[in-house]
Amino acid sequence: MAKLEDYKELDDSEIVTIVEDNIKMSVGYYDSDLSRERQKVTQYMNASLPKPAHDGNSKYVSQTVFDAVSSMSAALLETFSAGNKICKFTPQGPEDVEMAAVCTAYTDYQLFRMNDAFGVFRDVITNGLTSRVGIAKVFWDERFEDEISEFDSLTQDELDMLLAEDDIELEDSETNELGLISGTIIKKVDKSQVCIETVPPEQFLIQPQATSLDVNFLAHREPKTISELREMYPDYQDKIDRIGDHEDIQLETDPEILARHEDIGADRGFNATGYQDQVRTVLVYEAYIMLDPQGTGIAKLHKVCKAGNILLDIQQVDRHPFLAFAPLPIPHSFYGANFADKLIHTQNAKTVLTRSILDSAVIANNPRYIVVKGGLSNPRELISNKVGGIVNTTRPDAISPMPQASLNPFVFQTIQLLDEDLENNTGVSKLSQGLNKDAISKQNSAAMVEQLATMSQQRQKIIARNFANQFVKPLFHEIYRLCVENEDQEKIVELSGSYVGINPSTWNEKRDVMIELRLGYGEQQKEAEKLLALHSLFSQDPSIQPLYGLEGRYQMLKSVLEQQGILNVEDYLTPPEQLPPPQPDPAAEMQMQMQQKQLELQERQTALAERRLEHDQLIAAGKMETDQVKVQAQHALQSDNQDLKEAQFEHKVRIDEGELEILRRTDDVRGIASPTG
């Protein structure tokens, strides 16, 4: 066992040797068995195979492989690039909802606006279906462009201030008689961005018996001209001059590349012999390998670029830039099963059977003849197929058609069995393609047809989910990480119809991606109808209406439009935060004023009525008080009258008593004065 002190540093030649050893081990299998398989699949896709058994037979070739691959690719492309937002970042909490939406929109912007997402998806899916695995490369493309602008009549101080800005250089200038300076400047503009490229199958190498992309060695080999290398590595011109033809296999002669261009007659690569050396092509390897160049005892992932036996660059990296999609994965294997290769036997069988039908029809219409020797005056007359032509014979039985075996009726049943077997193998049925006229009839309900179509798409859904989880989800993660790691300045971009300031350097390093995958017979229409039903329910239920505000209505209708494939939602719906303050309606304002006037009039009438009531109450109270005083006065008067009457009566009684006393006294006096007394 080696000790730490036994490890030593590696020089450039040793690093190149290690990389070449890994390349040779990887090329051994992938440039033999896999390459021949891909070549055969490509020829069947182009309908070059199977070839006719004889020159006189029918040249018909079934398009089974092409139809199945095209149908599966179309279904997946419709799902992932038809304008629907299939991925979004999930918020970490309620306070992160808006930021997660911005990150989702910007990542989607980088994928579909700054890159050709449709082309990437198309190539990766097709490569996966025909070459076992589709490979894409996601990296940060750092590049700068020079913008030339002119300035006129500036002072020296103004020019110094202008040149003090970053990435601005003076190209040319002249000073006039007034001392003012005019000229041109060059500004280096940063055009760096996330770049997504599809890697052709023959250009990707990985260590043998790999189970995933997490391996000790993988590489991307690509033909580059000497001119391209000089632009890529301006500091290594001397190394580039030493690059020879080496023993590298030129990819232009690879069998699968030749098969790919065979149908258009461009199966020969460019030959730079006798041409300028600047356009000479060399094979450049960009390898990602676990190395310990410093001899520290710990191997780490390094990016090694080499051409021939020359090491162009080496640097330590955190991760490789490759993403892979295997439509039919095999457990514990990086390369899955070949979708197209499994259909070759069906194409061979259908081609042979269909050719037999066509050959039988041709023979029935143009049979071979038995001719008695000497029975024809001119044999050329029989060979000629001129309509209405005459054949001169010397005897009546000179010509008779050769007996021909009739076509076996089981041929048509066998073709039907092959079609059923094709549907079972691929999961792409005639029903899902809308080609089965017997299933779509008046006797079958729409629900039945929809259910059958959905059942036939189960394998498509599984492949779509593989593509979503193996490729799309990691792709979103990688785009997000590259933006966070490399963009350090705020950008103004158009997101969702409005211009937003974006600064990815302030975002979290990693977010969770959620995939919204819908693949089926009208599933998006169903989702839109479900949302519309919820919108109607929320709008009509009085108890829910207070909870279903303007923001909720906008989000609901926005989701409905997006499910229908309408991405420019802001052209039809204005976000609530962008709505202007509500302006009063003149008619409503007039009506409100009239109502206010009526209310004021009613208030005045009510106040007047209250005052009138108070006045009436005061009058009634005064009247009542007057009546009470009057009653009291009358009562006092009556009392006084009664007292007067009583006083008068008492006075009368006293008078009467006085008179009686006087009369009594008078009688007494009279009695004394009478003689008889």
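Modeller: The expected span of a helix is taken as 1.5 Å times one less than its number of residues. With that in hand, and bearing in mind that this is a predicted model, we can begin with helix α10, which covers residues 344-365. Helix α10 has 22 residues and reaches 31 Å from its first C-alpha to its last, which is close to the 32 Å expected at 1.5 Å a residue.

The buried residues of α10 are I344, T346, Q347, K350, T351, L353, T354, R355, I357 and D359. These buried residues pack against three other helices, namely α2 (33-45), α3 (64-80) and α12 (410-426).

Because its relative accessible area is 16%, which falls under the 20% cut-off, K350 counts as buried. The side chain of K350 is joined to that of D419 by a polar contact of 2.8 Å. Leaving aside residues up to four places away in sequence, K350 touches S62, T64, L418 and D419.

The phi angle of H332 is near 65°, a positive value in a residue other than glycine, and H332 counts as exposed, with a relative accessibility of 75%.

One of the helices packed against by the buried residues of α10 is α2, and the loop between α2 and α3 holds P50. The peptide bond that joins L49 and P50 is cis, with omega at about 0°.

Another helix pairing can be followed in some detail. Helix α5 (residues 117-131) and helix α15 (residues 458-486) pack at an angle of about 145°, with their axes 13 Å apart, and their crossing is right-handed. From α5 the contact is made by V120, F121, V124 and I125, and from α15 by F467, F471, V472 and L475. Sorted by class, this contact has eight nonpolar residues, with no polar and no charged ones.

Helix α15 also contains N466. Because its relative accessibility is 18%, under the 20% limit, N466 counts as buried. Not counting residues up to four places away in sequence, N466 touches F325, A326, P327, P329 and F471, and F471 is also one of the residues through which α15 meets α5.

Helix α4, covering residues 97-112, has 16 residues and reaches 22 Å from its first C-alpha to its last, close to the 22 Å expected at 1.5 Å a residue. The buried residues of α4 are A100, C103, T104, A105, Y106, T107, Y109, Q110 and L111.

To place these parts in the whole, the secondary structure of the chain comes to 18 helices and 17 strands. Of the 677 residues in the chain, 34% are buried. Among contacts between residues at least 6 apart in sequence, 69% join residues at least 24 apart, and the contact between K350 and D419 described above can be viewed alongside that figure.

Note on methods:
Residues numbered from 1 in each chain as written. Predicted model: local features only at pLDDT ≥ 70, side-chain atom pairs only at ≥ 80, totals over all residues. Heavy atoms only, no water. Axes fitted to C-alpha atoms, helices over the stretch in contact; angles between N-to-C directions. Helix = DSSP H or I, 4+ residues; strand = E, 2+ residues; numbered from the N terminus. Left-handed = near helix turned anticlockwise from the far one by under 90°. Contact = heavy atoms within 4.5 Å. Nonpolar A, V, L, I, M, F, W, Y, C, P; charged D, E, K, R; others polar. Buried < 20%, exposed > 50% of the residue type's maximum accessible area, 1.4 Å probe, protein only. Polar contact = N/O pair within 3.5 Å; in protein donor to acceptor, adjacent residues only side chain to side chain.
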